[in-house]
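This briefing is for a reader who is new to the structure shown below.

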Amino acid sequence: MNPFSSGTRLRDMIRAIRACKTAAEERGVVRKECAAIRAAISENDQDYRHRNIAKLMFIHMLGYPTHFGQMECLKLIASPGFPEKRIGYLGLMLLLDERQEVLMLVTNSIKQDLNHTNQYIVGLALCALGNIGSAEMARDLAPEVERLLKFRDPNIRKKAALCSIRIIRKVPDLAENFINPAAALLSEKHHGVLITGVQLCIDLCKISTEALEYFRKKCTDGLVKILKDLTNSPYAPEYDVSGITDPFLHIRLLRLLCALGQDDADASDAMNDILAQVATKTESNKNAGNAILYECVATIMSVEDNGGLRVLAINILGRFLSNRDNNIRYVALNMLMKALAVDSQAVQRHRATILECVKDTDPSIRKRAVELVYLLVNESNVKPMTKELIEYLEASDPEFRGDLTAKICSIVEKFSPEKIWYIDQMLKVLPEAGNYVKDEVWHSLIVVITNASNLHGYAVRSLYRAVQAAGEQETLVRVAVWCIGEYGDMLVNNAGRLDIEESLTVTESDAVDVVETSIKSHSFDLTTRAMCLIALLKLSSRFPSCSQRINDIIVQYKGSFVLELQQRAIEFNSVIKRHQNIRPSLVERMPVLDEATYSGRKAGSLPAAGSTSQGVSVNLPNGVAKPSAAPLVDLLDLSSDDVPAPSSSGGDFLQDLLGVDLAPVSSQSGTNQAQKSGTDVLLDLLSIGTPPANSSPSATQVSPSNVDIRSPADLLDRLSSPSAPSVQVPSAAGSSPMLDLLNGFPSSPSIPVTEGNGPAYPSIVAFDSSSLKLTFNFSKQPGNPQTTLIEASFTNKSQEVLTNFIFQAAVPKFLQLHLDPASGNTLPANGNGSITQKLKLTNSQHGKKSLVMRIRIAYKVNNKDVLEEGQVNNFPRDL
């Protein structure tokens, strides 16, 4: 006989395929066999049709295409004999699925077979419908299936119940037709029918509230009785599994009781006794018993409150945690996480066992146990729990340290009872797993340290010790370098020493050594090395004796291939060499970072613009109290993960943001006006208060010196938002409307042009109050339209002399501003003299955006500080 003819037996084909030594040889055998089957199909060979379909099913299981045999399955199903139908239905379930349109052709055949006199053929049709029935088939055949639920043979009733489950899942609208038949199945004695009936009831409860209420009223007592009889039944060999009678039926009954008892006190009361009986009588030394106990615990946790039962259930879970089987421990941890929301006190009693699971060798159990421990921690147990976790962190596997470190840091931050404890715990975590700590964690640590003024010395000394022992942990190095830069003098002088501290002697050279070692480490990234440069700049002022050594270290990076380091090194070297007079104020300690504001940003929300800060205020020379916390946190954006590197001061961030030249304004010799750093000047300048609600057309809006301070972000919003209140300043061309930074000014009168010197622009009154008048005169350099030269002239309109006069200005980032020194700092009364100051403005968006400026003028009248502010937005159009 031809080995590849349609008459070849199935076993011969399987033997030939298995004898193949290569995949190509196997493909050749399958290809020849498929060709023979196609030939038989085209010849309408009825004798070997069932054998061909059997071969196709095996070929399909090997992964080869068999779509050409689908219609043969339908022909076999239409055959009268049972053997042909059996192969046809088997091929139908294997070669087709519910999404294929050809399945609709078999609906009529299935309907005929459901009404067949042979119960085995009825069973075949039910199996096929239950496996691949579509929604359309379910609607057409539901009446026949419902009828078969009352069939005389229990096997048909069982298959009809399983088929009913698929029907109601495909067409939920048909659920009400199966409520009564399903309830009737619960009185069956045959366990196979009973278990399928219970599953049908469970699915009906999920789909239909009407079915749920019906079963609660009619079936709860009956189900309790069935479960009780099953629990107390004697040995039955046909249902026995490891000494337990039919654990599968046990579990199904418990799941149905769980659905019925949820949110229903009466049903819960009816099942309390049997749940307690199952929980206490079921043996837990076999897997079948543990499965029943787990389902019983899930049911107890879902039904209405019963304190005693819940404690019993949680104790069962506690026993599960001591089991040697990893699967049992894992499901116990999962269930305890759910139970924690119901009865946390009962779960807390198993805290020690749960902590042991954190040290388990199985990574899944470790991870789940850490998540449960995180949920267990509260204010009362945070210290012992954190101690246990940190002790285990030291011995944990590297792949697990990331998750464990994140949980410990979150616990410490969330439940810290006091700041010194918080600092201590973080200083235990950072040396052990600093490289696993996320950026927001060490940001938070710095915020806490800055707010604990009495712990500055303690923190910097502790960090110094830690970085000496674990200098390879980059996150630890970042925090240590930052604190040494800020509080290096306290480290050397042992300032703020606590009683619990051991004595520590550190020289200025030792402190610089730590930073130098860190910046030269090739394993550290750009952010860390940039922070080291900033710390060195600060230490150059705090440690004058090491200033030359520090400058030598910084100079090494002036030729760095990393542009960020090169730029910082050049700027810092210039500060050290050429600007000795401003260096102390430029590198003074960072203002206190407001914890509430930082927490709000970390959570993804910004504080309201008018919210008050509780941070420490810094007294400025002009007498204005500046809350430094909120503006710095907002501008530095400490919570952001994508900040490339910290800058040397808050002023640098503001300079980058606004494009302002921070060159100090020199004053006349003989004045004792304190020099302010770029940070103070700009923060002072940008902490703008709310202007008065109304202003006359001829006067600029002025904020008094006791204004409500706003953040720099608020200033930018007011500069760019068309809905923000504007300052109205008179102009020769008339009153200007509100500035829109995106669209520029509306059209204005054309500017006359004079021969030789370019355009000529009219002077404007930039600021006018009851005591002071500011006039701007404009000029441009020929061939450089982007640059505008402004001569500011200040006139005193009052009868009092104005002393300690300071003018400050800020512009958006598309503008560059340079201020020359003022001609003086004393303004005579009654307009008998004036102060002039030259400004240079460069507009990078010339022709697209117009000029705008925020001004601030500070002075003293009779030794009283006065602060006046305003916005100039009436510059001539084409400047």
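In helix 8, the residues Met137, Ala138, Leu141, Ala142, Glu144, Val145 and Leu148 are buried, where buried means under 20% relative accessible area, exposed over 50% and partly exposed in between, with a 1.4 Å probe and protein chains only. The model is predicted: local features need pLDDT of at least 70, side-chain atom pairs count only at pLDDT 80 or more, and totals for chains, interfaces and linings use all residues. Residues are numbered from 1 along each chain as its sequence is written, and side-chain values use heavy atoms, with hydrogens and water left out.

**Helix 8 and its surroundings**

- Helix 8 covers residues 135-148; helices (H or I, at least four residues) and strands (E, at least two) are DSSP runs, numbered from the N terminus.
- From its first C-alpha to its last, this 14-residue helix reaches 19 Å, close to the 20 Å expected at 1.5 Å a residue; the expected span is 1.5 Å times one less than the number of residues.
- At Leu141 helix 8 bends by about 55 degrees, and Pro143 follows within four residues; the bend is the angle between axes fitted to the seven residues ending at a residue and the seven starting there.
- The cover over the buried residues of helix 8 includes helix 6 (107-114), helix 7 and helix 9 (154-170).
- Helix 7 spans residues 119-132 and contains Tyr120, which is exposed at 55% relative accessibility.
- Tyr120 and Asn155 are 35 residues apart along the chain, and their C-alpha atoms are separated by 9.5 Å.

**Aromatic rings**

- There are nine aromatic pairs in the structure.
- One of them is edge-to-face: the rings of Trp482 and Tyr487 have centres 6.3 Å apart and planes at 75 degrees.
- Rings of Phe, Tyr and Trp (its six-membered ring) pair if their centres lie within 6.5 Å, and planes under 30 degrees apart count as stacked, over 60 as edge-to-face and the rest as tilted.
- Both Trp482 and Tyr487 are buried.
- A single aromatic cluster is formed by Phe794, Phe805, Phe807 and Tyr859.

**Charges over rings**

- Arg38 has its charged end over the ring of Phe68, 4.2 Å from the ring's centre; a charge sits over a ring if NZ of Lys or CZ of Arg is within 6 Å of the ring centre and within 35 degrees of the ring normal.
- Over the face of Tyr374 lies Lys407, at 4.7 Å from the ring centre.

- Asn494 is not a glycine, yet has a positive phi of about 55 degrees.
- The loop between helix 27 (474-493) and helix 28 (508-519) holds Asn494, which is partly exposed at 27% relative accessibility.
- Asn830, also not a glycine, has a positive phi of about 60 degrees.
- Asn830 belongs to the loop between strand 11 (815-819) and strand 12 (834-843) and is partly exposed, with a relative accessible area of 47%.

**Thr299 and the cysteines**

- Thr299 lies in helix 16 (residues 287-302) and is buried at 0% relative accessibility.
- Apart from neighbours within four places in sequence, Thr299 is in contact (heavy atoms within 4.5 Å) with Leu254, Leu257, Cys258 and Leu275.
- Cys258 is buried at 16% relative accessibility, and Cys357 is buried at 3%.
- A disulfide is a covalent bond between the sulfur atoms of two cysteines.
- With a disulfide taken as a pair of cysteine sulfur atoms within 2.5 Å, the count is zero.
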